Amino acid sequence: STQSTGRFCANAMNEIKGDRPIVEFLYGSMCGLAYGLVHPLVGQPFDLVKTLMQQPKWKGASMRAVAAHTVKTHGIKGFYNGASGPLVGSLVFRALQFGVYSGSYALFEKHNQEWAMKSLPGTDIQGRVVLAAMSAGCVRAVIETPLESYKVRKQMQMRFSLRHSFNGFTANLARTCGLLTTFFVLIDISSRQLPAVLNSDPVLAPLFKGGVCATIAWVSIWPFETAKNQIQAGAPGPKELLGRLGYMWRSEGLRAFSRGLLPGVLRSIAANGTSFAVYISCQRHRDAIVDTLRK
């Protein structure tokens with residue numbers, strides 16, 4: 001049913017403890033920690049190449065050329081330039097994004113907000129899926145922006161100071177809210193529309209949901225991702241989102257909005273597919289513990 005979808009943590013614990021939003025937040029956060037640990041470890045090399053390709057100085061460079069330059073200049077370890085901040089930060093903001101989503105989703109039901117639990121016109125997607133996803137996106141953007149600014153500047157071999165912390169915040173807010181809303185909506189749809197055989201497969205289901213759904217979500221917000229990275233790297237041009245998007249269009253046309261897309265897609269498939277598989281595994285372990293407590 002529609003009411004059973006969109007939750008990333010099972011509801012068995014809710015039969016033991018009555019305060020569902022808090023329980024959902026805590027368990028969503030715990031599973032999100034595992035997701036946040038794996039994601040940067042797998043995705044960082046692709047992320048570095050993607051960020052460099054999005055900068056004006058690497059205009060027209062291929063993914064292979066950028067990767068070869070990185071190895072020649074810094075060695076293999078160069079792919080993890082600026083990774084320390086994102087690794088720590090990923091644990092925090094990904095834990096919170098899943099926790100906030102799960103808690104917000106449950107909160108609408110606890111307080112019987114029927115308007116939020118109704119399906120959006122022409123769909124079978126409940127409004128609370130979108131509202132909970134946007135809430136998660138706002139929380140993530142506040143925490144992630146300083147970490148992203150640090151990462152981007154380190155990837156570009158630039159000095160970082162506190163005054164750079166919230167450079168590109170508006171671009172990151174648009175990017176993150178769009179990303180998570182698309183992702184959670186696609187997960188909600190796939191939970192009901194995928195064939196039962198695929199949906200229940202312990203390997204294929206999380207790889208599909210994490211890799212495919214997340215990648216579609218990333219592609220949908222790629223212009224914001226590119227604008228954010230250029231602003232945070234101090235690239236020539238406007239520092240606000242709309243001005244930057246206009247500047248990119250005038251400089252390169254549509255091509256400006258797809259720079260670095262190939263390594264970005266590869267990163268998303270590898271990092272999100274793997275991370276979501278770990279997330280689902282943690283969720284299943286939680287479910288097993290809950291079932292034991294109920295007996």
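Predicted model: local features only at pLDDT ≥ 70, side-chain atom pairs only at ≥ 80, totals over all residues.
Visitor: Where does leucine 207 lie?
Guide: Leucine 207 belongs to helix 8, which covers residues 204–220.

Visitor: And which residues make the nonpolar surface patch?
Guide: That patch is made by Val203, Leu204 and Leu207, and its area is about 260 Å².

Visitor: Let's zoom out. How many helices and strands does the chain have?
Guide: There are 11 helices and zero strands. Written as a pattern along the sequence, that gives α-α-α-α-α-α-α-α-α-α-α.

Visitor: What share of the chain is buried?
Guide: Of the 295 residues, 51% are buried.

Visitor: What about contacts between residues at least 6 apart in sequence?
Guide: In that group, 76% of the contacts join residues at least 24 apart.

Visitor: On to the rings. How many aromatic pairs are there?
Guide: The count comes to 14 aromatic pairs. Take phenylalanine 98 and phenylalanine 184: the ring centres are 6.1 Å apart and the planes stand at 90 degrees, so this pair is edge-to-face. Phenylalanine 98 sits in helix 3 (residues 84–110) and phenylalanine 184 in helix 6 (residues 169–193), which puts the partners 86 residues apart.

Visitor: Why is the pair of phenylalanine 98 and tyrosine 279 called tilted?
Guide: Because the planes of phenylalanine 98 and tyrosine 279 meet at 35 degrees, with ring centres 4.6 Å apart. Tyrosine 279 is in helix 11 (residues 261–294) and phenylalanine 98 in helix 3, so the pair ties together parts 181 residues apart in sequence. Phenylalanine 98 has a relative accessible area of 0%, and tyrosine 279 is likewise buried, with a value of 0%.

Visitor: Which residues form the aromatic cluster?
Guide: One aromatic cluster is formed by Tyr35, Phe98, Tyr101, Tyr105, Phe183, Phe184, Phe276 and Tyr279.

Visitor: And which charged residue lies over the face of tyrosine 105?
Guide: That is arginine 128, at 3.9 Å from the ring centre. There is also arginine 267, whose charged end sits over the ring of tryptophan 218, 4.6 Å from its centre.

Visitor: Switching to charge pairs, how many salt bridges does the structure hold?
Guide: It holds 14 salt bridges. One of them joins lysine 151 and aspartate 47, whose closest N and O atoms are 2.7 Å apart. Lysine 151 is in helix 5 (residues 127–155) and aspartate 47 in helix 1 (residues 20–53), so this bridge ties together parts that are 104 residues apart in sequence. Both lysine 151 and aspartate 47 are buried.

Visitor: What is the partner of lysine 50?
Guide: Lysine 50 forms a salt bridge with glutamate 225, and their closest N and O atoms are 2.4 Å apart. The pair links helix 1, where lysine 50 lies, to helix 9 (residues 222–232), where glutamate 225 lies, and the two are 175 residues apart. Lysine 50 and glutamate 225 are both buried.

Visitor: And arginine 175, what does it bridge to?
Guide: Arginine 175 pairs with glutamate 144, the closest N and O atoms being 3.0 Å apart. Arginine 175 lies in helix 6 and glutamate 144 in helix 5, so parts 31 residues apart in sequence are tied together. Arginine 175 is buried, with a relative accessible area of 2%, and glutamate 144 is buried too, at 1% relative accessibility.

Visitor: Which residues are linked in the network of salt bridges?
Guide: The network links Asp47, Lys50, Arg140, Glu144, Glu148, Lys151, Arg175, Glu225, Lys228 and Arg267.

Visitor: Last topic: where is alanine 67 found?
Guide: Alanine 67 is found in helix 2, residues 63–74. Setting aside neighbours within four places in sequence, alanine 67 is in contact with Val49 and Phe79.

Visitor: What about alanine 67 and methionine 53, in sequence and in space?
Guide: Alanine 67 and methionine 53 are 14 residues apart in sequence, and their C-alpha atoms are 9.9 Å apart in space.

Definitions and conventions. Residues numbered from 1 in each chain as written. Heavy atoms only, no water. Helix = DSSP H or I, 4+ residues; strand = E, 2+ residues; numbered from the N terminus. Buried < 20%, exposed > 50% of the residue type's maximum accessible area, 1.4 Å probe, protein only. Contact = heavy atoms within 4.5 Å. Phe/Tyr/Trp six-rings, centres within 6.5 Å; stacked < 30°, edge-to-face > 60°. Lys NZ or Arg CZ within 6 Å of the ring centre and 35° of its normal. Patch = residues over 30% accessible without salt bridge, like charges linked within 9 Å, V, L, I, M, F, W, Y side chains within 5 Å. Areas by Shrake-Rupley, 256 points an atom, 1.4 Å probe, with all protein chains shown as cover. Salt bridge = Lys/Arg side-chain N within 4 Å of Asp/Glu carboxyl O.
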